[in-house]
Amino acid sequence: MAKLSEAQIQFLKAHKIDPSLLYDASGQSSSDWRGAMKKIGKKFAFGTSPCGAEGHTLRSRHGHCIQCDPSRIAYALRFSKPGHVYILGSLTGKLIKIGVTTELASRVANVVSMQYGNASDWQPLAVTEKINGAGKIEAAAHNILEAHRVTGKSCRAGETHITYELYSCDYNNAKSALESAVPEGTKIFTKASQPVLSAFKGLERAA
Ligand SMILES: [Zn+2]
């Protein structure tokens, strides 16, 4: 389990890299973390093997040190790809996750199997139609919910990793963040029954 250093946090902030794009690659071979990142839509790995020049441990999915060569960041952040922006919820974890996928069912299965936020009862609450620039919309929704962000843990292949993309908030907060992030007229489909959505009301963890 790797932790971001203060210098790395400052670097990420300076380059406007949303923490939800990060993947904890500690203890994995580069082919493993690259494959896993692609599967779950992550852009940058931390806790990688140190770069040859300066010993940095932040890399793009292609393995380049982004601290030595920040020009790799813009390339990795091409947000033009189409996808569905989704809201998942966990009642036991009192957690909300907003992300992008091209295939919702398999993403939900992955999130459940990785026990995001130590929870395995993740279920889809809402999803947009397929839209262009889905990554950009996801980042905008994250930005709106920033005050509710919580650091969680996930598990892969028996190892614990840190995730920075979970929120502890009412479903209505998440829904309105998504509504204000999408282009006007975008369809957002509700994926859960009304009783389930009601259970996600007032779910915020005590501070
Ligand atoms: Zn470097």
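His56 is buried, with a relative accessible area of 19%, where buried means under 20% relative accessible area, exposed over 50% and partly exposed in between, computed with a 1.4 Å probe on protein chains only. This is a predicted model, in which local features need pLDDT of at least 70 and side-chain atom pairs count only at pLDDT 80 or more, while totals for chains, interfaces and linings use all residues. Residues are numbered from 1 along each chain as its sequence is written, and side-chain values use heavy atoms, with hydrogens and water left out.

The zinc ion has as its protein donors Cys51 (SG), His56 (ND1), Cys65 (SG) and Cys68 (SG), which lie 2.2 to 2.3 Å from it; donors are N, O and S atoms within 2.8 Å of the metal (3.2 Å for Na, K and Ca), and because water is not among the atoms, sites may look incomplete. The arrangement is tetrahedral because the 4 donor atoms subtend angles of 98 to 116 degrees around the zinc ion, the criterion for four donors being that all angles lie between 85 and 135 degrees. Along the sequence, the donor residues follow the spacing C-x4-H-x8-C-x2-C. Within this set, His56, in the loop between E2 and E3, and Cys68, in the loop between E3 and helix H3 (71-76), are 12 residues apart and link distant parts of the chain; helices (H or I, at least four residues) and strands (E, at least two) are DSSP runs numbered from the N terminus. Cys68 counts as partly exposed, at 41% relative accessibility.

Thr48 lies in the loop between strand E2 (44-46) and strand E3 (58-60), and counts as buried at 8% relative accessibility.

Notes:
Four donors count as tetrahedral if all angles lie between 85 and 135 degrees; four count as square planar and six as octahedral if opposite donors are over 155 degrees apart and all others between 65 and 115; anything else is irregular.
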